[in-house]
Each structure stands twice: as C-alpha cells, then as structure tokens.
Amino acid sequence: LTDKLQDVFKDLRSKGRLTEADVKVALKEVKMALLEADVNFKVVKQFVKSVEERAIGQDVMNGLNPGQMVIKIVNEEMTSLMGSETQELQFQPGKATTVIMMCGLQGAGKTTTTAKLAGKFKLKGKKPLLVACDIYRPAAIEQLQINGEKQQVEVFSMGTSHSPVDIAKAAMEHAEKNGNNVVILDTAGRLHIDEGMMEELQKIKQAVTVHQTLLVVDAMTGQDAVNVAKEFDEKVGIDGVILSKMDGDTRGGAALSIKAVTGKPILYVGMGEKLSDLEQFYPDRMASRILGMGDVLTLIEKASANLDIDAGKEKEMAARMKKGKFDFEDYLESMKQMRNMGGLSGILSMMPGMGSKMGDIESMIDEKQLARMEAIVLSMTPQERRNPKLLNPSRKHRIARGAGVDISVVNRFIKQFEQSQKMMKQFPGMLGGKGARKGKF
Ligand code: GDP
Ligand code: MG
C-alpha cells in the first residue's frame, strides 16, 4: 500500500470506534445541557455515567463525527429511559368502573387536568364522573363545576362540610347508580408536601378502590420535581405522571428526573390552559426537547436515513458486482453515495472486493481526480454507461472533449475500470454484503 492509502485507512480506523476521550468530551456538553434543562443533578450524574459505559467502544456511524455519535447514543438512552413507547392509561376491563385519583401540589394543574382527561375519556365513549374532593381551597369546587360544564360531564360535590373520604365513598355509590364507568377524584394540594396531605390521600385509597393514582407535576418545577415525585410515590403510591404546563419555555427536565426516580410512566403533558390542551406523551420528542440540541439531532436523523437508503442500494450494487455487472451507472451511484457519506470511506467500502488490490484504484484517491473521473462518466450517454463495450475510439474522443480532458486520461480510466470489472468476476466470493461498509482494509 502506498502512504496515501495508508493515511486514508488510518483515518477510517480512527473514526471507527468511540474512544474514552471522545465520549468524555461530548458528555461534558451533555451534562451542561441537562443541568440547564433543570434535570436533577443526581439524575444527571447517574445518567451520564451509564451512557459513558455504553458509548465507549461503539462504532461511529458513517456521516457522523464522534461527538455527534455520542449525542445520538444519549438521545436514544434518554428516550428509552422515559419509556420508549407511548404509554396509554389503563382502564378496568369490560364494564367495570375505573377509579382515578389525581394528586400533586397546589397549583400543579390537578383540577384543570381532571377536566381535560374527562374530555379525552368521553371521546373514547366513557361516561366520566368528576368528584370534588378539594374542600380546602376557596372556589375549588366551583372551578371543577365550571370545567365539568364546559366538558359536559357530570361533577359530584358535597360542599365543604364533609371529609374527602366521605365524599369519595358517596361518589362511588352515585357512579354505580348513574352508570359512570370512570370516576376521577380531584383532590386537594398543599404548597409544600406535608403529612396531612399524604394521610388524606392514603385514607381515600383505603376507603375506595383506586385503580390509577396520577401525579400531576408542574413542568416548571425543575429540580424539585424529584422530591415531589419520590415523596408521593413512597407515601401514596403513584401509577403514572402527568406533566403540566409544558407550553411554557421550560425544557422539561422534570420529565427525565421523575421517570428516573420513580420509574412510573409519564402519560400525558399539559400544553395550555384550554381544556383541549392535553397531549399524549412522546418520549422521543421529550428527549429532544430536554437535550435542546435540535440541530445536531436533525443531522443525526439525516445521517441515519441516508444509511438506510444506502444499505438498500449497497446490497443491490454488491449483487451486481458479484455478477460482474458493475457498470458506469453504478460507478456514478457510488460516487453520489460517497458524497452523501462525506468522503472516500464510502467508495472504498462500496468496493469491498478490491481490498487486496487497492493499488488499482489508487489513482482515484485524489479528490480532484475523482471529480475528473466523474466528468468523464457524465459525458457518456446512458447507453454507454450501461454497456461500456460500446466505447469505440470516436466515442472516446467525444467523451474526452465533453469532460475537458485529454483522450489519454479517458483511455486510462476506462482501462482501469475494465480491470476492476474483471477482478470482481474473478473474486466473487470476496464481495460481501454485510460488514463491507465497516471496511476490512
Ligand atoms: P390544582 O391546584 O392542582 O388543581 O391546579 P389548577 O388545575 O387549578 O391549575 C392551576 C393553574 O395552572 C390554573 O391557572 C390553570 O389554568 C393552569 N394550568 C393548568 N395546566 C396548565 C397547562 O398545561 N398549561 C398552562 N399554561 N397552564 C396550566
Ligand atoms: Mg384544584
């Protein structure tokens, strides 16, 4: 091998796997981004450590640099941590009534979300009953009634002189008589977590069978979300989380913190004050938002998409090579792919069978040369590209004029091409499909 080629290979190899240094540098940036997004610092530390272990030694995808590759892994890990797939709220089977208890701090968005959920359930053909268990906050009952009316769902209330437990029990009887198959208990919150609040929620759970305890957390809570989620999960036990106020400018780091600490699924996100502003939770979108690296992620997506298309074409081309049918059209295609993949590594791996006789395409290594070769091929007619045998002297002269090169350059190039073709026929076994891209050079 010549020095030039060796340089290319060295480049290829050094791009091959993520080193510890690559990963450390990129993760520093990720750490900053997560802290900026208000992800709890302990969660950040843990998360970064787990990604570091996973990332070191991984192959760098074509079209990405090591830093971008780390971001890709980070994004995947975050997505999978937050649940990979969108989770649906589970209803009781058949005609059984599903009882949902809302909980969370004051102002988190429980009452609003209760009404939002009712609208969603109605669309699913359910008959919800909203229950006013917040007897402390002035106007809390009225707020639920107004929202219930807007959604055209029934609201059950007994004023402020009964205990939330009694109200919940009475509501269950009412639901049974009325044929409500979903009951949502809107409970009281406090400004801070306190024993009284937790006890009240526990008592409700003891008095009626609650199937889903949903914690509503204000997305703007940031770092504190961890304590809130942990406390509620330990003391009351939660089944799912709703993140409210995601329409604000918060990056939503609370989502990652809550999921990491409780392991409970995030079911919905609140996207505004209107009662229709409740959306399904999409882990991948959330991960992008928290990471806040839209540009990089778009680039990564593009590279992945390219790779998918290429994988198909590459297979097709490898099959043609095996049959010794690699023609100038294929050549053009591989040039295009090479450009897509951002460099020589593409074309080198596109011609896996040439490994041992790389010297033959040595002359193609120079980028300027490559451009000249491409000009030659482009000056051919499609018929000539598909059937190089057509290339007689007069055609070659025409092509040389078209490409603006000397006829000797055209002759040499075509001769090299024919040699490559012969080689492909000679060593069909060496033309692999899988693994070719990574290069066995
Ligand atoms: P609760 O104390 O937990 O019952 O909270 P509320 O349901 O009364 O909501 C408190 C405030 O937050 C109200 O002004 C709501 O309109 C507002 N709110 C609730 N959810 C959202 C949301 O997703 N986005 C926005 N922008 N405001 C919300
Ligand atoms: Mg309320």
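These exercises walk through the fold of one predicted protein model.

Residues are numbered from 1 along each chain as its sequence is written, and chains are lettered from A and ligands numbered from 1 in the order in which they are written. In this predicted model, local features need pLDDT of at least 70, side-chain atom pairs count only at pLDDT 80 or more, and totals for chains, interfaces and linings use all residues, while side-chain values use heavy atoms, with hydrogens and water left out.

**Exercise 1. The overall picture**

Task: State how many helices and strands the protein has, and what share of its residues is buried.

Solution: 
- Step 1. The protein has 18 helices and eight strands. Helices (H or I, at least four residues) and strands (E, at least two) are DSSP runs, numbered from the N terminus.
- Step 2. Of its 441 residues, 48% count as buried. Buried means under 20% relative accessible area, exposed over 50%, and partly exposed in between (1.4 Å probe, protein chains only).
- Step 3. Look at contacts, meaning heavy atoms within 4.5 Å. Among contacts with a separation of 6 or more, residues 24 or more positions apart account for 76%.

**Exercise 2. Strand β1 and its neighbours**

Task: Decide whether β1 is enclosed or open, and name the strands that pair with it.

Solution: 
- Step 1. Strand β1 spans residues 98-103. Six of its six residues are buried, so β1 is largely enclosed by the rest of the structure.
- Step 2. In a regular strand the side chains alternate between the two faces of the sheet.
- Step 3. In β1, T98, I100 and M102 point one way, while V99, M101 and C103 point the other way. All are buried.
- Step 4. Five bridges join β1 to β4 (residues 182-186), and the two run parallel. Strands pair if DSSP finds at least two bridges between them. The partner of M102 in β4 is D186.
- Step 5. β1 also pairs with β5 (residues 212-218), in the parallel sense, over four bridges. Here C103 stands opposite L215.

**Exercise 3. Strand β7 between two partners**

Solution: 
- Step 1. β7 covers residues 266-270, and five of its five residues are buried.
- Step 2. I242 has Y268 as its bridge partner.
- Step 3. The chain goes from β6 through helix α10 (residues 253-262) to β7, a right-handed β-α-β crossover. Right-handed means that, with the strands pointing away from the viewer, the path from the first strand over the helix to the second runs clockwise.
- Step 4. Y268 stands opposite Q280 in β8.
- Step 5. Check the loop between β6 and α10, where K245 sits. K245 has a positive phi of about 65° although it is not a glycine.

**Exercise 4. The cores**

Task: Find which residues touch the most other members of the largest nonpolar core.

Solution: 
- Step 1. A nonpolar core is a set of buried Ala, Val, Leu, Ile, Met, Phe, Trp, Tyr and Cys residues joined through side-chain atoms within 4.5 Å.
- Step 2. The largest such core has 75 residues, and L185, F232, L243 and I290 touch the most other members.
- Step 3. Return to I290. Not counting residues up to four places away in sequence, its contacts include A33, L34, M78 and L256.
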